[in-house]
Amino acid sequence: MKVTIKLFASFRQGRFIVKECEYEGKISILQVLHEFAIPLVGVGVLLCNGRHVDFDCELVEDDVCSIFPKVGGG
Amino acid sequence: MLEADLVAFLKTVVVKDNLIPLAAYESAADKFSVTFTKIEEIALVNGFYPMRYQRQRNLIRGRGQLQLLKSRVAVVGCGGLGGHIFEMLVRLGVGNLVVIDPDFFVESNLNRQLLATVATLGRYKVEVARERGEMINPVVAVEVLSQSFQSDRGAQLLSSCDLVFDALDSIPLRLQLADLCSSFEIVLIHGAVAGWYGQVAPVPPASGIMGQIYQNSGLESQNGRVAEEGGNLAPTVNLVAALEVATGLPYLLDDYQKKWSPGCFVDLLVPELELWS
């Protein structure tokens, strides 16, 4: 199963901007975050094909997952 | 009749292209015992255009300027985002502004908060905003509240608004503001910053969008204040405030198409803007 992972802002440091990943079977966004050692506490918006999702979202073939850092100041 | 007499007066003070200078408002107010707001409303209805909005005339037009004049908009938070949002709304000519913030200026605000100066340290932010509004655009009515938006008076003020801008620095408070705006069926324009990054999204009433935006952001700290964590920069607050105002304006103007834009994330280091779509 191929999915595209897009990282933004500080998450790109030491990782990548866009990456096509292949997985056997099901995978959740939580597992993807663990795989790339992205700290959960810093995660803000998660999009899957442009829709807001949470950590438990399971990815399917050709999904595009975008991971943004938490932004809450003003 | 007031309107006819006022229109006759305006014709004597108009400069080229039907522009009315602000200096004429004092004379008109004295002569006809009316407010600046009324003068401006009658001027716009009758095809005149306030000179101070000359540069936005082709973009906002008379009908739009009148809509702005009659709009009532709240800015919740008067710090980094709020100060800039407030200033832009004043300059645009939004006729009635409500500014809510219980805080006063401290030294660490000086790096990014428009209304923070050495002279205003220690003063309530909303009081400084009121003065600033008067200096820039005396036609805009500014009502301020130096309490939380969750106070009885805060909720009352918000309930009468056409649009609300999120300029808070706390995630839990943002979620509560979104709930309150939903209960009043008012569109909320969300904005937030962190270091070089920011995000903006319109939050229609009952959409649940604010909850979706922050569903992965555990409420780790008691009040969720995030300014101290990653820090904040002047260019980031400037840009995100401008995006919030640009996102919100179509909701006040019939001539601009209202579509529920999905929101966006900005990274000033690249620089890059990513639409959430």
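A polar contact is a pair of N or O atoms within 3.5 Å; within protein, one atom must be able to donate a hydrogen and the other to accept it. The legends below describe close-up views of a predicted model.

**Figure 1. B:Asn216 and the backbone of A:Gly44.** The side chain of B:Asn216 reaches the backbone oxygen of A:Gly44 at 3.3 Å. B:Asn216 belongs to the loop of chain B that runs between α9 (209–213) and α10 (227–230). With a relative accessible area of 4%, B:Asn216 is buried, because buried means under 20% relative accessible area. Beyond its neighbours within four places in sequence, B:Asn216 is in contact with A:Leu40, A:Val43, A:Gly44, A:Leu46, A:Val53, A:Asp54 and A:Phe55.

**Figure 2. A:Gly44 in strand β4 of chain A.** Strand β4 of chain A, residues 43–48, contains A:Gly44. The relative accessibility of A:Gly44 is 4%, so this glycine counts as buried. Residues up to four places away in sequence aside, A:Gly44 touches A:Phe68, A:Pro69 and A:Lys70 in chain A, and B:Ile213, B:Asn216 and B:Ser217 in chain B. A:Asp54 stands 10 residues from A:Gly44 in sequence, and the two C-alpha atoms are 9.7 Å apart in space. A:Asp54 is also among the residues in contact with B:Asn216.

**Figure 3. A:Ile27 in strand β3 of chain A.** A:Ile27 is placed in strand β3, which covers residues 27–28 of chain A. This isoleucine is buried, as its relative accessible area is 8%. When residues up to four places away in sequence are not counted, A:Ile27 touches A:Met1, A:Val32, A:Glu35, A:Cys57, A:Glu58 and A:Leu59. A:Ile38 is 11 residues from A:Ile27 in sequence, with a C-alpha to C-alpha separation of 16 Å.

Figure 4. Along the principal axes, the C-alpha atoms of chain A fill a box of roughly 40 × 25 × 20 Å. Of the 74 residues of chain A, 54% count as buried. Among contacts in chain A between residues at least 6 apart in sequence, 51% join residues at least 24 apart. The accessible surface of chain A comes to about 3500 Å², and carbon and sulfur atoms account for 50% of this area. Chain A carries 8 positive and 10 negative charges, whose mean positions are 9 Å apart.

**Figure 5. B:Gln113 and its partner B:Lys125.** The side chains of B:Gln113 and B:Lys125 make a polar contact at 3.1 Å. B:Gln113 is found in the loop of chain B between β4 (96–100) and α6 (125–136). At a relative accessibility of 5%, B:Gln113 counts as buried. Apart from residues up to four places away in sequence, B:Gln113 touches B:Cys78, B:Gly79, B:Gly80, B:Phe105 and B:Lys125.

**Figure 6. Backbone geometry at A:Asp62, B:Ser33 and B:Pro271**. Most residues other than glycine have a negative phi, and most peptide bonds are trans. A:Asp62 has a positive phi, near 70°, and lies in the loop between β6 (58–59) and β7 (64–69) of chain A. The relative accessible area of A:Asp62 is 57%, so this aspartate is exposed. In chain B, phi of B:Ser33 is likewise positive, near 50°. B:Ser33 is in the loop between α2 (23–32) and α3 (36–45) of chain B, and is exposed, with a relative accessible area of 68%. The peptide bond that joins B:Val270 and B:Pro271 is cis, with omega about -5°. B:Pro271 is placed in the loop between β9 (264–267) and β10 (272–275) of chain B.

Key: Residues numbered from 1 in each chain as written. Chains lettered and ligands numbered in written order. Predicted model: local features only at pLDDT ≥ 70, side-chain atom pairs only at ≥ 80, totals over all residues. Heavy atoms only, no water. Buried < 20%, exposed > 50% of the residue type's maximum accessible area, 1.4 Å probe, protein only. Contact = heavy atoms within 4.5 Å. Areas by Shrake-Rupley, 256 points an atom, 1.4 Å probe, with all protein chains shown as cover. Lys, Arg positive; Asp, Glu negative; His and termini not counted. Charge placed at Lys NZ, Arg CZ, Asp CG, Glu CD. Helix = DSSP H or I, 4+ residues; strand = E, 2+ residues; numbered from the N terminus.
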